[in-house]
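Hi,

Here is the structure I promised to pass on.

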Amino acid sequence: MSKNNPPKDIITCSFCGRTEDAVEKLISGPNVYICDKCVHLCSNILEKKAQSTSTSAPTAAEETEFSLQLLKPQEIKDRLDEYIIGQESAKRTISVGVYNHYRRIMKREEPSDGVEISKSNVLLFGPTGSGKTLIARTLADILEVPFAIADATTLTEAGYVGEDVENIILRLLQAADYDVAKAERGIIYVDEIDKIVRTTSNVSITRDVSGEGVQQALLKIVEGTVANVPPKGGRKHPNQEYIKINTENILFIVGGAFVGLDSVVAKRLGKSVIGFKHHGKNEITPHEKSELLAKVEPEDLIQFGMIPEFVGRFNSIANCNELTAEDLVQVLTQPKNAVIKQFKSMFAMEGVNLEFSSEALISIASKAMEAGTGARALRMILESLMRDLMFDVPSDDTITDVIIEEDAVLGKSEPIIKRKEPEEVEEKESA
């Protein structure tokens, strides 16, 4: 009989094979035995594993708190003014809303005085291209917090083809490099929120899976809950591992065009839109529309199709007015990252000075107004206007200046191009 196979009547350690006589203690279990030496070895392995885990991956209690340098409302608005033209009322409203939101978070971490401040989120409405998304993105940059954008039109109730609302939280977590504490202080902007209004025409055999149902699904995470987020996105399934994110301190900003909301307000006020001074075919001016939208109440949003519970979670409501031609000229030139400044910088890298006449800027703004997409159209118009120049300038060292006049914008003439004197070119070639 071999040494490693003792007789059946001799008890041995099920792990190392040592007999009862070769060890100090042999612990028995259901049809299994383990000796004191193996117990000691396993204990050492577990201790080393625990030490490795504590140094490489701190527990939730040991994670450092995400710090936030909160600016006062006036300071927030001043920073917004550097990037956003107009929308004075909206910038003031959102500055106060953001300050109160993060001040509430700080208060929760301070000694309690027994007063609990409720969570407040922000709802922005206004025409496309008026700056809703830019305001939200700029806020995140100013506060240096993670930021994520979602489109409400892609969301559906759980179990239907589309995207679960929890995937919005996943985008924020990804923006925070999977730092849970950081993500829980971030900002989420949900665009096209007016596209998930409640429909009253549903019959009993259908479900409003992309309307009221989505509002109900969003309601839970907006008001504050612990969301189970799939780390890789997609639909949930029972055996999947989740990352738990508390949404109580996440600031939600939702935006939408809410086309026709001015009519709802006019009806509540006992006025007919037809009663306003018309210009053309049953149209009111942007100023007249802004006057109506400045008087929006929660009941108007409910009448529009938002459910009362959802509207109640957005205490800060701001209107982004339609941009005028004068506003668009300022958008072109004044912000820190104005599109004209960007083009000038690109041409300067090629050693070329780029200039626009004031008439050309007005003409570009007018074309953007005709497009009906607000400030979004400005970049497209300029890209089309400058395409041939951007193709030629890098290959032509003789160009020193490019001047864009109104006729060039209107397509009546070519941009004015100034070149080096022949003597300068000859000197450079000889050198």
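A quick word on naming: helices (H or I, at least four residues) and strands (E, at least two) are DSSP runs, numbered from the N terminus. Residues are numbered from 1 along each chain as its sequence is written, and side-chain values use heavy atoms, with hydrogens and water left out. Keep in mind that this is a predicted model, where local features need pLDDT of at least 70 and side-chain atom pairs count only at pLDDT 80 or more, while totals for chains, interfaces and linings use all residues.

Let's start with the aromatics. Rings of Phe, Tyr and Trp (its six-membered ring) pair if their centres lie within 6.5 Å; planes under 30 degrees apart count as stacked, over 60 as edge-to-face and the rest as tilted. The whole structure has 3 such pairs. In one of them, the ring centres of F125 and F258 are 6.3 Å apart with the planes at 75°, so this pair is edge-to-face. F125 sits in strand 3 (residues 122-125) and F258 in the loop between strand 8 (251-256) and helix 8 (261-268), so the contact ties together parts 133 residues apart in sequence. F258 also pairs with F304, this time tilted, at 5.2 Å centre to centre and 55° between the planes. Since F304 belongs to helix 10 (residues 298-304), that pair links the F258 loop to a part 46 residues apart in sequence. Put together, F125, F258 and F304 make one aromatic cluster.

Are F125 and F258 buried or exposed? Both are buried (under 20% relative accessible area; exposed is over 50%, partly exposed in between, with a 1.4 Å probe and protein chains only). F258 has 3% relative accessibility, which is why it counts as buried.

Most residues other than glycine have a negative phi. Q87, though not a glycine, has a positive phi of about 55°. Q87 is in the loop between helix 2 (73-81) and helix 3 (88-108), and counts as buried because its relative accessibility is 6%. D177 also has a positive phi, near 55°. D177 is in the loop between helix 5 (166-175) and helix 6 (180-183), but at 67% relative accessibility D177 counts as exposed.

E405 has 32% relative accessibility, so it counts as partly exposed.

Cheers
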